[in-house]
Amino acid sequence: MAYVDADLGQLRLFEAEFGGRFRLTLSSSAGELLQRVDAVAPVAALLADHATGRDLLEAAPPVLADTERLLVARSGELSAARAAVERGAARRCFVKPWIPGEMCAALEDAVRIFELRSQLRTLRARLDKSERLATLGRVSAGIAHELAGPAAYVAENASALRRELAGVAAYVRRVNRIRPDARVLERLRELAEIVQDVEAGAEHVRRVSRGFTGQLRAESPTERCDVPAVVQLVVRLVRPELRGRAILSVLGGSLAVRASSLRLTQVLINLVVNAGQAVASMQRAEVGHVKLRWIAVGGLARIEVVDDGPGLPEAVEQGDPELLFTTKLPGMGTGLGLSLCRELVAEMGGTLEFSSVPGNGTMAQIVLPLAS
C-alpha cells in the first residue's frame with residue numbers, strides 16, 4: 001500500500017491502523033513517492049489526499065498499471081473528488097476522517113483485485129506467446145518441407161564436387177611440378193574451402209529444417225556445447241554474407257556452456273549478420289568491423305558481438321517486444337530477428353542484452369551458464 005498525504009498526522013494514523021496488516025509506503029508528497037516508486041513496487045493500492053496527490057492518480061507511472069487508485073478528500077473537496085472518480089482517475093473516494101473498518105475492507109478488496117489483475121496479465125502474456133509459437137509452428141512446418149529437399153540436393157552435389165575436385169587437384173599438382181605456379185595451388189585451396197563452406201551450410205540448413213518440426217524449440221536438448229566449435233561454424237557460414245561489408249574478428253579461449261549448439265549457432269549467425277549489415281548501412285571511407293568474443297566470468301559465460309555500426313534505438317536495447325526495428329535497407333529485413341534471438345537464449349537459461357551508442361556501434365551480450 002502507498003499513501004500520499006501532506007498531513008503527517010494522517011500518515012501516522014494510517015500507519016498505526018494498518019501497519020500490522022499491510023506493507024505500507026508513506027509519503028508527504030507525490031514527487032517523493034514517484035522518485036522511489038520502482039523500489040516499492042508492486043503496490044496493490046495507491047491512496048492519495050485530494051490536495052496533495054490527486055495529480056499522481058491522474059498520471060500514475062506504468063509500474064502502477066494494476067494498482068487500485070483511491071482518493072481521500074475533505075468534505076469541502078467532495079465535489080472535485082467525485083469528478084475525479086467519474087473521470088477514472090480513482091476507483092472511489094473516502095471522506096476524512098475515514099472509517100477504519102470501511103477503509104480496511106477497501107484495502108483488502110484492492111489486494112484481491114491487484115492479484116487477479118496480475119494473474120490476468122500473466123495469462124494474457126502466456127496466451128500471446130502460445131499464439132505466436134503456434135503461428136510460428138504452422139509457418140515452420142511449410143518452411144521445413146521446402147528446405148529439406150533443396151538442402152539434401154545441395155549436400156549431395158557438394159559431396160560429389162569435393163570428390164571430383166580431389167581428382168582435379170591431384171592432376172593439377174602433378175602438372176604444377178613441371179610448371180610451378182603458386183597461384184594455381186592457392187586457387188585450389190580456395191576452391192576446397194568453398195566446397196567445405198557449402199557442405200557446412202547445407203548441413204546447417206538440414207539441421208534447422210529438422211528443428212522447425214519441433215526439435216529446435218520444445219524438444220531441442222540443452223547439452224554441453226563447445227563455444228569455439230560453434231564460433232568456427234558460424235564464421236564459416238557468415239563469411240559470404242560479410243564479404244566486402246565488414247571485417248569479422250574472433251577472440252576467446254576454451255569455453256563450454258550448457259546450451260543447444262543448434263540454437264546458439266542460429267543466434268550467433270543472426271547477431272553477426274545483423275551487425276555486418278548494420279555496419280554496411282553506414283557511409284564510411286573504410287570497411288567496418290564486427291568482433292565476436294567470449295569469456296568465462298564467475299560461473300557464467302559471456303559471449304559478445306560488437307560492431308561499429310549506427311547503433312540501436314533505446315526501445316530495442318530495452319527489449320520492447322512490440323517493436324519491429326531494422327538497420328537493413330528496405331526489403332532486406334523485418335526486425336523480428338532480435339526478438340526471436342532473445343526467446344531462444346531465454347529457453348537455454350540465459351539472457352541477451354543490447355547496449356548501444358547512437359552512431360558509434362552496438363554490443364549484443366549473451367550470458368549462459370557454464371557446463372559442469
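A residue counts as partly exposed when its relative accessible area lies between the 20% under which it would be buried and the 50% over which it would be exposed. In this predicted model, Arg-189 falls into that intermediate class, with a relative accessibility of 39%, and Glu-193 does likewise at 31%. The side chains of these two residues meet in a salt bridge, with N and O 2.4 Å apart, and because they stand 4 residues apart in helix α7 (residues 182–215), about one helical turn separates them.

Side chains of opposite charge can pair when their charged atoms come close, and the structure holds 20 salt bridges. One of them joins Arg-74 to Asp-49, the closest N and O atoms being 3.3 Å apart; this pair links distant parts of the chain, since Arg-74 sits in the loop between β4 (68–73) and α5 (78–87) while Asp-49 belongs to strand β3, 25 residues away. Arg-74 is partly exposed at 34%, whereas Asp-49 is buried at 1%.

Another salt bridge connects Glu-353 with Arg-342, whose closest N and O atoms are 4.0 Å apart; Glu-353 lies in strand β11 and Arg-342 in helix α11, so the pair ties together parts 11 residues apart in sequence. Through shared partners, salt bridges also join Asp-5, Asp-49, Arg-74, Glu-77 and Lys-96 into one network.

The largest nonpolar core comprises 37 residues, and among the members that touch the most others are Leu-264, Ile-303, Ile-366 and Leu-368. Elements that each supply at least two residues of this core include α8, α11 and β11, while the largest share, 9 residues, comes from α9. Beyond its neighbours within four places in sequence, Leu-264 is in contact with residues including Cys-225, Val-257 and Met-348.

Note on methods:
Residues are numbered from 1 along each chain as its sequence is written. This is a predicted model: local features need pLDDT of at least 70, side-chain atom pairs count only at pLDDT 80 or more; totals for chains, interfaces and linings use all residues. Side-chain values use heavy atoms; hydrogens and water are left out. A nonpolar core is a set of buried Ala, Val, Leu, Ile, Met, Phe, Trp, Tyr and Cys residues joined through side-chain atoms within 4.5 Å. Buried means under 20% relative accessible area, exposed over 50%, partly exposed in between (1.4 Å probe, protein chains only). Contact means heavy atoms within 4.5 Å.
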